[in-house]
Amino acid sequence: MADSNTIRLRVFSLNCWGIRYLSKHCRERYAMIGELLSREEHDIVLLQEVWSEKDFLCLKRKLSSTHPHSHYFKSGVIGSGMATFSRHRIHDAFLYRYSLNGYPYMAHHGDWFGGKAVGMVILNIGRLAAHVYVTHLHAEYCREKDSYLPHRVVQAWELQQFIRHTSSGADLVILAGDLNLHPQDLGNRLLRTYTGLRDSYTETAKFDGCEDGITLIADNPFINPKELCPFEKGIRIDYILYKVTVGRIVGYLAFVGSGRVSIQCESLSTTKGSVPDHPFPYSDHEALSADLQLQTLTQQAGRDETRGEQDCAAGKLAELVDIVTEARTEVKVGLYCAERMRYTAARTGVMGMALLLLELAIAAVPWLALRADQPFPRASFYLLGVLCFAILITTFLLYIFYTMEVKALQGAEDQMRLAVGSLQERLRGFPLAQPLNRLCRPLEGQDPCPLEPEE
């Protein structure tokens, strides 16, 4: 802390790729991660894919002196994989599990079993209340034919809702994790525009890391370069996002007591694949480390900077209407596919039921006709019965799963429809004579302001 009005905060985020017995060099890499965190002494550490609670406890023991406070988020069959370590006391924690998260029969992808979610912890940093979020969204396995896109869009929608509705009393908001979203992907734009969160990579004054900030690089020995096509060098899908906000103040300034707080990212760094004196990197993802500076300003210092907030908000409203409409379209596509799959499961189940009834009718022949022999061999008869029963059970479970998916997509689409209507109504409250490019033009020396939710 440089003075009474300035707070410096170091935030670390890493997808650890910690699948016991499956991930390469898992135990050795956890030891390397523990050494790194002990040496660097970040204020807040946010980890993903710590799938084993034993590995979390091992890290907890190793970091007990530097990060005495920690929390492990439990969810799904094998856990959420998310963990938080902090130098500041954790006063509260909460987990929200996403309503959609892939398909259980896609076992080789494994996302459904992971229980993807967003975890929140509440810290007090000086006089500031910090709400810190960590998340891990569904992976993108094929960009050209992305069957999980509607699920990822719904996850981004639920993530922004969760942040907006739980951060109203926060002075500082931080979100970090593996979003599995490119910077200009729909889900990313929906999240940042709706919440006003700022990307540390685009906002930082100093960057040290891989070219273009990529966090999944082709040179990583744990990565198959073919999986990154058509991005030869790699992709940027891991983020540290932040903002300060209290109440309904629009912009990057927020009231705290009798003053205001500004935030800026002084530097951002990422690992670059190889680790000195070690034969392999920390993970298949690169780690991010952001140095944030928060400063309390006087009311007079920030008074002129709030001019034009209404005009900027109007431009953001128009942009947000387009983004939510685009997201709603993707959800409708996913809804159509889910309804088709549910219909297919129901039709297959009906066919299985018809075969089972036919077999039962054949089995009744010896009972109805005296001295009649069984028309089929006993072994074939039982095998066909087991097959029909398996079809019935499988299609029944699939029908239930697809019904749940349909309802989740319908719920998200309904929420988006309401949001678009509300945004359009608020947009009509702004003067229409001013062009949108003028409405969204920030004042000299002022950052573009995000849209905060209406109280």
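Aspartate 212 lies in the loop between β10 (207-208) and β11; helices (H or I, at least four residues) and strands (E, at least two) are DSSP runs numbered from the N terminus. The model is predicted, so that local features need pLDDT of at least 70 and side-chain atom pairs pLDDT 80 or more, while totals for chains, interfaces and linings use all residues. Residues are numbered from 1 along each chain as its sequence is written, and side-chain values use heavy atoms, without hydrogens and water.

Glutamate 49 is buried, at a relative accessible area of 12% (buried means under 20%, with a 1.4 Å probe and protein chains only).

The peptide bond between cysteine 229 and proline 230 is cis, with omega about 5°. Proline 230 sits in the loop between β11 (216-217) and β12 (234-235).

Glutamate 49 also belongs to the lining of the largest pocket: of its 38 lining residues, Glu49, Ala139, Tyr141, Glu227 and Asp284 lie nearest the centre. Elements giving two or more residues to this lining are β1 (6-18) and α3 (111-114). A pocket here is an open set of points on a 1 Å grid over the protein atoms alone, where a 1.4 Å probe fits, with protein on both sides within 12 Å along at least five of seven lines; lining residues have an atom within 4 Å of a point.

Conventions
Buried means under 20% relative accessible area, exposed over 50%, partly exposed in between (1.4 Å probe, protein chains only).
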